[in-house]
Amino acid sequence: MDMRKLVGRNLARLRQAQRLTQEELAMRSGFSQQYLSDVERGLKNPTIITLYEIALALSVSHVALVEPDGMVNEMAPQPKRRRAAGASRIK
């Protein structure tokens, strides 16, 4: 799992849920709009303190920024499925 992309997806989702622009969040958080954009795109690796400060600006728990969102990382190998014993193949 690419944590940078996960944090970015969560940040964008939480920001948009509050109908905030990146510029508005920049004003609240003290981080530049460009930095927030880079975080949302998974290009930056923010520190835990940065995540905490962004979370404060969004009035959410810092945990909300790192919670798994259910999206599977397309680069991660997928587990192979095995058929149950005695199961036949459909042809």
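Helices α2 and α3 are roughly perpendicular to each other in this predicted model. Two packed helices are described by the angle between their axes and by the distance between those axes. For α2 and α3, the angle is about 110° and the axes lie 8 Å apart. Because angles of 65 to 115 degrees count as roughly perpendicular, the pair receives that description. The crossing of α2 and α3 is right-handed.

Which residues form this contact? On the α2 side they are Q22, E23, L25, A26 and S29, and they meet Q33, L36, S37 and E40 of α3.

Let me turn to α2 itself, which spans residues 22–29. Buried in this helix are Q22, L25, A26 and S29. Viewed down the axis of α2, these buried residues fall within an arc of 105°, so they line one face of the helix. Just after α2 comes G30, which takes a positive phi of about 90°.

The average pLDDT of the chain is 87, and 78% of the residues score at least 70. Over residues 74–78, by contrast, pLDDT stays under 50. For that stretch, the model has 2 contacts beyond four places in sequence.

Key
Residues are numbered from 1 along each chain as its sequence is written. This is a predicted model: local features need pLDDT of at least 70, side-chain atom pairs count only at pLDDT 80 or more; totals for chains, interfaces and linings use all residues. Side-chain values use heavy atoms; hydrogens and water are left out. Buried means under 20% relative accessible area, exposed over 50%, partly exposed in between (1.4 Å probe, protein chains only). Helices (H or I, at least four residues) and strands (E, at least two) are DSSP runs, numbered from the N terminus. The arc is that of the directions from the helix axis to the C-beta atoms. pLDDT is the predictor's confidence in each residue, from 0 to 100. Contact means heavy atoms within 4.5 Å. Axes are lines fitted to C-alpha atoms, for helices over the stretch in contact, and angles run from 0 to 180 degrees between N-to-C directions. Angles under 35 degrees count as roughly parallel, over 145 as roughly antiparallel, 65 to 115 as roughly perpendicular and the rest as oblique. A crossing is left-handed if the near helix is turned anticlockwise from the far one by less than a right angle, and right-handed if clockwise.
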